[in-house]
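Here is a friendly walk around the iron sites of this model and a few residues beside them. Have the sequence and the 3D view open as you read.

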Amino acid sequence: MRKFSMLIVLLVVAGFALSAMMAVSGSPDNDDRPAFPGFDDLKEAADTDNWRPYFPRQYEGWVGTAEMRETMYGGGGKAEAEDMDIKRINYLQMYPFLKVNYDGFPFSKGYYRSRGHYFALNDVIDTRRLPDWDARPATCLGCKSTDVVRLQAVHRDNWYAKSFAKVVGDNTIGCLDCHAPGDAEVRHARDWLDEGMAHGTFNNIDPEGRTDLVCAQCHTNYHFHTETRKVVLPWSTGLHVEAQLEHYDADRRSDEWVHPQTGALVAKIQHPEYELFHEGKEVNVHSMLGLQCTDCHMPTARAEDGERYTEHKWTSPLTHVESTCMDCHSRWGVEGTIERAEGVQGRVYRKQNRIGRELADFIEAVGEARANGGLDDDTLTRLQAIHREAQFYWDFIWVENSNGFHNWGEAHRVLDNAEALIKEGMELLNGS
Ligand code: HEC
Ligand code: HEC
Ligand code: HEC
Ligand code: HEC
């Protein structure tokens with residue numbers, strides 16, 4: 001198997017190198033396009049419309065993220081109105097157990113399915129989780145806006161603790177988040193990522209110099225620093241779920257709260273796409289083959305005039321399997337590949353929802369026993385520890401946006417551990 005993988009890696013690397021070379025040289029019809037002069041002013045560079053004249057194809061892709069698509073388990077949303085007038089998929093209606101699991105935390109008040117980059121600013125402004133703009137920390141803007149690049153340049157780490165209302169502007173995620181304003185080179189612009197990587201806790205890949213670090217700026221778990229309110233990536237002891245729990249256990253984190261029913265201290269996990277894809281204890285075949293986020297979410301496209309460029313319409317790869325998966329899976333065909341991917345996702349999707357409900361039942365059972373005064377201190381302490389750990393594992397997979405596709409082996413391992421804990425807790429509760 002090792003030799004077989006090495007051969008595939010070599011073939012894949014050669015293939016991608018070739019297509020990258022063609023992307024650079026294949027721009028025959030660019031003559032009437034103005035040369036990129038670079039921006040001196042970060043305010044100008046933060047407005048994505050200003051990049052349009054120089055890079056119309058990438059700009060078109062960016063605008064295209066406003067398109068609503070639905071796949072079997074993913075895609076950004078629905079074209080028709082779903083909840084009020086905001087065209088969003090309401091998770092609290094779809095999965096009522098979430099209200100129990102997140103009870104006492106803002107996610108029990110408003111939780112919608114994520115959608116394209118075009119909507120990011122709008123959706124954070126609109127969130128029903130933290131409606132008070134003055135009380136909300138500016139950090140919430142951290143993953144939603146190019147303005148952050150300017151805020152960081154001007155205020156260093158002193159802007160995070162300001163009020164959201166003071167710093168919010170008009171710009172959603174855009175070019176400046178991933179490209180340097182002077183020469184448009186791909187680079188990441190969030191120093192919390194460098195701080196996270198400085199722990200040196202990657203096991204499976206060497207992140208240094210990888211293109212997909214631009215995605216790791218935002219598609220990771222995080223919490224706020226207690227004093228500065230700056231984003232912290234919880235990678236001090238490692239990136240897989242047990243290591244992150246260890247990081248949380250060392251201190252109380254900003255997104256931990258005491259669950260009103262069980263009294264346990266629990267943590268809210270946020271979208272760990274980067275960690276699940278590259279750094280599980282179960283190794284992911286696609287990451288091991290050398291694939292990065294960009295390979296599946298930003299495939300090479302060819303314009304009508306033959307120009308090759310990188311697709312900038314971040315969406316579900318299952319909407320463009322032809323340009324993304326067929327180099328390796330042509331034997332399965334387009335339909336066959338989608339079917340297999342959905343098969344992999346379906347098994348994780350059903351399990352994560354079943355365990356989500358089991359967790360809610362457990363929480364309610366503990367809550368009731370606790371309210372009735374029927375638990376001695378030792379038993380309650382053990383039940384709370386079980387709640388904390390089980391919820392951490394379940395949420396890590398539930399909030400990850402690929403429904404297991406990014407690393408199905410790891411997703412099952414982590415969910416199975418959550419379920420075993422809940423079972424242990426139920427037995428303890430029923431035996432007492
Ligand atoms: C091997 C191909 C592949 C790679 C590499 C990959 N993904 Fe994905 N990603 C997918 C597939 C397939 C889905 C599921 C889409 C669906 O359910 O419609 C997905 C889903 C997603 C989603 C949710 C999108 C949606 O439509 O619901 C996000 C966000 C995402 N990936 C980000 C990332 C990030 C960040 C990385 C790098 C750490 C990454 N992906 C690497 C294939 C890939
Ligand atoms: C500056 C932060 C930021 C960066 C950088 C970023 N993303 Fe996102 N991404 C988000 C946010 C926030 C959302 C959800 C927006 C919403 O729901 O309004 C999102 C949504 C997405 C979606 C759609 C999810 C869905 O459910 O439809 C995909 C796919 C995606 N990102 C992939 C990527 C990839 C791949 C990269 C790297 C090339 C990347 N993103 C870089 C913040 C970021
Ligand atoms: C989430 C990160 C991200 C954002 C946002 C983003 N890009 Fe890119 N861009 C990339 C990546 C990754 C590549 C491919 C780099 C590689 O593989 O060499 C790329 C490549 C490019 C290239 C080189 C030509 C090509 O197509 O490969 C240009 C030009 C470009 N982007 C312009 C833009 C413009 C203009 C915007 C805003 C409308 C933008 N990008 C937004 C990540 C991003
Ligand atoms: C660089 C080559 C490569 C690319 C690109 C790639 N895959 Fe894979 N994929 C593999 C290999 C190798 C395996 C493991 C061996 C196998 O199952 O054939 C695999 C396994 C899978 C499996 C598991 C099948 C099963 O039933 O166990 C699914 C599903 C899958 N890939 C879907 C996709 C999708 C969807 C895309 C595009 C978004 C994609 N792959 C892109 C190489 C690739």
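Which residue has a backbone N or O atom that lies 2.7 Å from an oxygen atom of ligand 2? That residue is Arg115.

This is a predicted model, in which local features need pLDDT of at least 70 and side-chain atom pairs count only at pLDDT 80 or more, while totals for chains, interfaces and linings use all residues. Residues are numbered from 1 along each chain as its sequence is written, chains are lettered from A and ligands numbered from 1 in the order in which they are written, and side-chain values use heavy atoms, with hydrogens and water left out.

**The iron sites**

Donors are N, O and S atoms within 2.8 Å of the metal (3.2 Å for Na, K and Ca); water is not among the atoms, so sites may look incomplete.

| Iron atom of | Protein donors | Distance |
|---|---|---|
| ligand 1 | His297 (NE2) and His406 (NE2) | 2.0 to 2.1 Å |
| ligand 2 | His117 (NE2) and His219 (NE2) | 2.0 to 2.1 Å |
| ligand 3 | His179 (NE2) and His312 (NE2) | 1.9 to 2.1 Å |

Now for the geometry. Six donors count as octahedral if opposite donors are over 155 degrees apart and all others between 65 and 115. The iron atom of ligand 1 has an octahedral site, with angles of 86 to 179° among its six donor atoms. His297 belongs to helix α15 (residues 293–297) and His406 to the loop between α19 (377–398) and α20 (408–431), so this pair links parts that are 109 residues apart in sequence. (Helices, H or I with at least four residues, and strands, E with at least two, are DSSP runs numbered from the N terminus.)

Around the iron atom of ligand 3, the six donor atoms subtend angles of 86 to 179°, so the arrangement is octahedral. His179 sits in the loop between α9 (175–178) and α10 (191–197), and His312 in the loop between β6 (308–310) and α16 (321–324); the pair therefore ties together parts 133 residues apart in sequence. Both His179 and His312 are buried.

His117 is in the loop between α5 (97–101) and α6 and His219 in the loop between α11 and β1 (223–224), so they tie together parts that are 102 residues apart in sequence. His219 counts as partly exposed, at 34% relative accessibility.

A residue is near a molecule if one of its heavy atoms lies within 4 Å of it. There are 23 residues around ligand 2, of which His117, Asp123, Cys215, Cys218 and His219 come nearest. Both α6 (120–126) and α11 (213–216) supply at least two residues of this shell. The shell has nine nonpolar, nine polar and five charged residues. In this classification Ala, Val, Leu, Ile, Met, Phe, Trp, Tyr, Cys and Pro count as nonpolar, Asp, Glu, Lys and Arg as charged, and the others, Gly among them, as polar.

An N or O atom in the side chain of Asp123 is 2.6 Å from an oxygen atom of ligand 2, and a polar side-chain atom of His219 lies 2.7 Å from a nitrogen atom of that ligand.

Which residues come nearest to ligand 4? Of the 18 around it, they are His286, Leu289, Cys325, Cys328 and His329. Two or more residues of the shell come from each of α14 (285–288), α17 (326–329) and α18 (333–371), and α18 gives the largest share, four residues. By class, the shell divides into 13 nonpolar, four polar and one charged.

**A buried histidine**

His259 is in the loop between β3 (256–258) and β4 (265–267) and is buried, with a relative accessible area of 1%. A polar atom of the His259 side chain lies 2.8 Å from the backbone oxygen of Val100.

Technical notes. Tetrahedral: all angles 85-135°; square planar, octahedral: opposite > 155°, others 65-115°. Buried < 20%, exposed > 50% of the residue type's maximum accessible area, 1.4 Å probe, protein only. Polar contact = N/O pair within 3.5 Å; in protein donor to acceptor, adjacent residues only side chain to side chain.
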